[in-house]
Amino acid sequence: MAQIIVYGHRESLGRRRTALKSAIHGAIMAALEYPADKCFQRFIALDDDDFIHPEDRGTDYTIIEISMFEGRSDDAKRTLIAELFERVDVEAGIAPHSLEITITETPKVNWGIRGANAVDLTLGYTVEV
């Protein structure tokens, strides 16, 4: 399970939402062997006054936060970050300098999904990649 939150300037996200969705989900599928139908993303479009960052990041500055079950290898997480930088640059036109990515992992027992604790679910995909 991976939940993605994308923060960016309102105008920039508005122009790029579809491309970002595709780039992010493509990276998740490639790096984490995720099924195509498991796409969980939220876009938080911020007014300029509400999104404070160094000026050199520009109005394309975007933050991607990924919350997921623990269990992925360091190599899988490194691959995910590399895939995100590449795909977001190519598909959405956001240069790596203007993109930040964070991954937060938690035990399955800390997640409630489809009316059950995630540790008790059969997911249909492998977490340990």
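Modeller: A polar contact is a pair of N or O atoms within 3.5 Å, where within protein one atom must be able to donate a hydrogen and the other to accept it, and residues adjacent in sequence count only if both atoms are side-chain atoms.

Biologist: Okay, so which side chains are joined by a polar contact of 2.7 Å?

Modeller: Those of Ser12 and Arg16. Please keep in mind that this is a predicted model, in which local features need pLDDT of at least 70 and side-chain atom pairs count only at pLDDT 80 or more, while totals for chains, interfaces and linings use all residues. Residues are numbered from 1 along each chain as its sequence is written, and side-chain values use heavy atoms, with hydrogens and water left out.

Biologist: Where is Ser12 found, and is Ser12 buried or exposed?

Modeller: Ser12 belongs to helix α1, which covers residues 10-32 (helices, H or I with at least four residues, and strands, E with at least two, are DSSP runs numbered from the N terminus). Ser12 counts as buried because its relative accessibility is 2% (buried is under 20% relative accessible area, exposed over 50%, partly exposed in between, with a 1.4 Å probe and protein chains only).

Biologist: What is Ser12 in contact with, leaving aside neighbours within four places in sequence?

Modeller: Thr59 and Asp60 are the contacts of Ser12 on that basis, where contact means heavy atoms within 4.5 Å.

Biologist: Changing topic, how many aromatic pairs does a search of the whole structure find?

Modeller: The search finds two (rings of Phe, Tyr and Trp, its six-membered ring, pair if their centres lie within 6.5 Å, with planes under 30 degrees apart stacked, over 60 edge-to-face and the rest tilted). One of them joins Phe51 and Tyr61, which is a stacked pair because the ring centres are 5.3 Å apart and the planes stand at 25 degrees. Both partners lie in the loop between β2 (41-46) and β3 (62-69), so the pair ties together parts that are ten residues apart in sequence. Phe51 is buried at a relative accessible area of 8%, and Tyr61 is buried too, at 5% relative accessibility.

Biologist: What about the rings of Phe69 and Trp111?

Modeller: Their centres are 5.0 Å apart and their planes are at 80 degrees, so Phe69 and Trp111 make an edge-to-face pair. Phe69 is in strand β3 and Trp111 in the loop between β4 (99-106) and β5 (112-113), so this pair ties together parts that are 42 residues apart in sequence. Phe69 and Trp111 are both buried.

Biologist: Back to helices, at what angle do α1 and α2 pack?

Modeller: α1 packs with helix α2 (residues 74-92) at about 150 degrees, and their axes are 8 Å apart (axes are lines fitted to C-alpha atoms, for helices over the stretch in contact, with angles from 0 to 180 degrees between N-to-C directions).

Biologist: Which residues in α1 and α2 meet?

Modeller: Among them are Arg16, Ala19, Leu20 and Ala23 in α1, and Ala76, Leu80, Leu84 and Val88 in α2.

Biologist: And Lys77, buried or exposed?

Modeller: Lys77 lies in α2 and is buried, because its relative accessible area is 16%. Not counting residues up to four places away in sequence, Lys77 touches Met68, Arg72, Ile103 and Glu105.
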